[in-house]
Amino acid sequence: AIIWLFLLLWSFLGVAIAADVFMNGIEEITSQEVQKEVMVMGKKQKFTVTVWNATVANLTLMALGSSAPEILLSIIEIFSSNFYSGELGPSTIVGSAAFNLFAISTVCIMALPRGETRYIKDLSVFSITSVFSVFAYIWLAVILLMVSPNIVELWEGLLTLAFFPILVVLAFMADTGAFSAKPATTAATLIGLSHDGKPITLEG
């Protein structure tokens with residue numbers, strides 16, 4: 001038992017080191033910046049903006065890096081058991097998502113200094129990711145308990161994977177203001193770009 005415990009802890013250490021290296025590489029990619037020239041009040045000014053959109057980076061590379069261990073566990077189990085959903089696959093995904101939803105949200109709230117508050121100014125991206133999160137739980141229950149109990153069929157996996165780019169596109173559109181209602185009569189003057197490349201305007 002002691003030997004198995006040592007091997008288990010050794011494996012955990014190896015996964016932690018590999019995940020840390022992977023996350024460092026992702027952070028290096030997503031933190032790349034470029035300079036852009038923008039005409040402001042008739043003068044050219046240079047602004048530093050990030051190459052990656054923050055919302056897209058969080059939903060793709062950052063999510064992949066933080067969820068890589070359970071994704072690999074699920075892939076190994078599903079292929080080794082002839083697409084039978086065992087104890088590691090769906091349970092690992094649901095458990096990780098539940099931890100992210102409850103535990104991490106709780107830590108973020110508790111980390112605020114006493115007397116300070118934070119507000120979500122734009123609920124569009126938050127709403128889209130929230131709806132997709134709830135839908136993911138419902139969809140997983142439907143395909144594993146109703147459509148094909150305890151079996152993951154190929155079309156189910158492909159369709160589930162197809163939902164992901166839809167989420168990314170909708171979240172990106174919401175982040176860039178595609179779903180935000182703006183008065184048509186309001187004139188705005190571009191005065192610069194924010195750190196993530198969004199326009200900073202002066203309302204007229």
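**Exercise 1. Decide whether Glu116 is buried, partly exposed or exposed, and find its salt-bridge partner.**

Glu116 has a relative accessibility of 39% and therefore counts as partly exposed, where buried means under 20% relative accessible area, exposed means over 50%, and partly exposed lies in between, with a 1.4 Å probe and protein chains only. The structure is a predicted model, in which local features need pLDDT of at least 70 and side-chain atom pairs count only at pLDDT 80 or more, while totals for chains, interfaces and linings use all residues. Residues are numbered from 1 along each chain as its sequence is written, and side-chain values use heavy atoms, with hydrogens and water left out.

The next step is the partner. Side chains of opposite charge can pair when their charged atoms come close. Glu116 forms a salt bridge with Arg118, and their closest N and O atoms are 3.2 Å apart; the rule asks for a side-chain nitrogen of Lys or Arg within 4 Å of a carboxyl oxygen of Asp or Glu. Arg118, with a relative accessible area of 54%, is exposed. The count by this rule comes to 1 salt bridge.

**Exercise 2. Describe how helix 2 and helix 5 are placed relative to each other.**

Two packed helices are described by the angle between their axes and the distance between the axes. Helices (H or I, at least four residues) and strands (E, at least two) are DSSP runs, numbered from the N terminus. Axes are lines fitted to C-alpha atoms, for helices over the stretch in contact, and angles run from 0 to 180 degrees between N-to-C directions.

For helix 2 (residues 54-80) and helix 5 (residues 154-175), the axes come within 9 Å and cross at roughly 160 degrees. Helix 2 is therefore roughly antiparallel to helix 5, given that angles under 35 degrees count as roughly parallel, over 145 as roughly antiparallel, 65 to 115 as roughly perpendicular and the rest as oblique.

The contact (heavy atoms within 4.5 Å) is made by Thr55, Val56, Leu59 and Thr60 of helix 2, together with Phe164, Leu167, Val168, Ala171, Phe172 and Asp175 of helix 5. Sorted by class, this contact of helix 2 with helix 5 has 7 nonpolar, 2 polar and 1 charged residues; Ala, Val, Leu, Ile, Met, Phe, Trp, Tyr, Cys and Pro count as nonpolar, Asp, Glu, Lys and Arg as charged, and the others, Gly among them, as polar.

**Exercise 3. Carry out the corresponding steps for helix 4 and helix 5.**

The axes of helix 4 (residues 123-147) and helix 5 come within 10 Å and cross at roughly 170 degrees. These two helices are therefore roughly antiparallel to each other. Among the residues that make the contact are Phe132, Phe135 and Trp139 of helix 4 and Trp155, Phe163 and Leu170 of helix 5. By class, the contact of helix 4 with helix 5 has 15 nonpolar, 3 polar and 2 charged residues.
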